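Hi,

Here is the structure I promised to pass on.

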Amino acid sequence: MSESGRKDNHHHRHDAPLSDTALRVKALESLLAEKGLVDPAALDAIVETYEKKIGPRNGARVVARAWIDPAYKSRLQMNATAAIAELGYSGLQGEDMLVVENTSAIHNLVVCTLCSCYPVPVLGLPPVWYKSAPYRARAVRDPRGVLKEFGLELPEATEVRVWDSTAELRYLVLPERPPGSEGMNENALAALVSRDAMIGTAKVVLTRKVTP
Amino acid sequence: MNGIHDMGGMDGFGPIEREADEPVFHEAWEGRVLALTRACGAWGKWNIDKSRSGIEQMPPEDYLRASYYEKWLWRLEKLLVDAGMVTREEIERRNAEMKHATGVS
Amino acid sequence: MPLLTIELAHRLITEGRTAKREIAVPAKFKPGDAVLARNIHPKGHTRIPRYVRGKRGIVERDHGVFVFPDTNAELAGEKPQHVYSVRFAGRDLWGPAAPTGDAIYIDLWDDYLDPA
């Protein structure tokens with residue numbers, strides 16, 4: 001098996017020889033295109049969509065809207081798929097959505113122990129760690145240990161709920177709105193919401209350095 | 001099946017490794033494999049359940065060692081061959097031709 | 001010739017393909033019911049994880065009727081049936097060393113469950 005390069009700080013180096021896997025994919029694509037089974041322009045469009053057009057900023061908007069607008073939050077709880085679609089997000093791996101709300105008493109964490117199921121229309125494609133053995137194995141068995149690794153320690157009295165995405169329901173965590181954010185507008189609130197907070201491995205805090 | 005993919009509760013996998021500012025695709029071929037899988041799936045020879053089943057049939061040692069999209073590539077080849085859309089010989093022949101053409105032996 | 005054009009790819013991504021089926025199938029369970037995840041070990045594809053088999057939980061929600069993956073994966077029919085969110089106590093899954101109060105919610109089909 002060739003390296004995926006994920007541990008290196010990898011940039012696309014066009015002068016470097018293609019890895020075995022890259023070559024194999026190229027060969028497969030040429031074979032399939034030649035047989036008329038795939039359209040390379042459609043492939044380009046799919047790659048671009050996932051690279052540029054679908055990502056956690058979508059889910060952050062849903063969260064911010066729910067924080068600001070109680071009627072929207074209510075619709076989100078009644079029919080998450082429809083409410084999320086109101087903001088323009090829908091589709092593959094998000095056809096049947098559920099929102100699970102964090103409170104001071106309950107903290108939610110989402111996993112797919114069997115593969116990598118993830119609410120793609122609102123969060124984009126999942127990060128490597130979500131799809132990897134350590135998270136998939138431990139999230140259901142030792143969620144507090146997992147959260148601690150992410151730098152999140154919960155009081156013992158908080159109930160941790162782990163959602164194993166075994167069926168086609170896809171879960172979005174509605175994180176708690178951070179204290180001190182009362183005066184902020186929707187855009188500013190959305191900018192606070194990290195992808196990890198919507199999976200359940202982080203809380204939303206008032207100051208944030210990155211927007212992953 | 002009671003496969004290696006059924007990992008909930010297993011011990012021994014070590015810490016959760018995270019990458020800051022992780023790109024959507026680490027290599028161009030990863031995006032390509034995803035797109036190819038969608039495009040080939042449109043022919044209706046399999047469904048999402050059959051495709052998940054495909055990955056589950058990977059030999060356990062390969063499953064654990066492979067990166068996520070390496071699993072997808074393995075699965076796509078298997079689905080295509082099982083569906084009769086390409087043959088294993090065609091895949092290997094084209095792969096060998098391309099290796100030769102790019103000077104890799 | 002290729003089936004998936006740019007337009008169809010866009011539609012696929014934005015519309016998806018729900019596994020939900022608007023079919024009136026009787027539900028075996030309702031929220032509040034105690035259930036036992038079956039001790040089954042299918043040779044083929046299944047979505048009942050090993051860690052839950054034989055364990056007792058409570059039905060929290062009926063999600064409705066969905067395609068059944070075990071048969072669908074073999075191209076042997078959709079066999080649509082109810083899927084439930086079932087809540088399992090951490091201690092019931094992992095033994096007395098697990099923290100009290102932690103719960104694992106697993107989505108399980110009718111065919112994976114018996115009354116407890």
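**Helix packing and the A/B contact**

α1(A) passes α1(B) in a left-handed crossing. Keep in mind that this is a predicted model. The axes of α1(A) and α1(B), the latter being residues 28-41 of chain B, come within 10 Å and cross at roughly 30°. Angles under 35 degrees count as roughly parallel, so α1(A) is roughly parallel to α1(B).

Who does the touching there? On the α1(A) side you'll find Thr21(A), Ala22(A), Val25(A), Leu28(A), Glu29(A) and Leu32(A), and they meet Trp29(B), Arg32(B), Val33(B), Leu36(B) and Cys40(B) of α1(B). Sorted by class, that contact has eight nonpolar, one polar and two charged residues.

Zooming out to the whole contact between the chains, chain A puts in 48 residues and chain B 51 residues. On the chain A side, the elements giving two or more residues are α1 (20-34), α2 (40-53), α7 (128-131), α8 (133-138) and α9 (143-149). α1(A) has the largest share of that side, with twelve residues. By class, the side of chain A that touches chain B has 30 nonpolar, eight polar and ten charged residues.

There is also a helix pair within chain B. α2(B) (residues 48-56) and α4(B) (residues 68-82) pack at an angle of about 115°, with their axes 9 Å apart, and α2(B) passes α4(B) in a right-handed crossing. Ser51(B), Gly54(B) and Ile55(B) from α2(B) meet Lys71(B), Arg75(B), Lys78(B) and Leu79(B) from α4(B).

Cheers

Technical notes:
Residues numbered from 1 in each chain as written. Chains lettered and ligands numbered in written order. Predicted model: local features only at pLDDT ≥ 70, side-chain atom pairs only at ≥ 80, totals over all residues. Contact = placed C-beta atoms within 7 Å. Helix = DSSP H or I, 4+ residues; strand = E, 2+ residues; numbered from the N terminus. Nonpolar A, V, L, I, M, F, W, Y, C, P; charged D, E, K, R; others polar. Axes fitted to C-alpha atoms, helices over the stretch in contact; angles between N-to-C directions. Left-handed = near helix turned anticlockwise from the far one by under 90°. Parallel < 35°, antiparallel > 145°, perpendicular 65-115°, else oblique.
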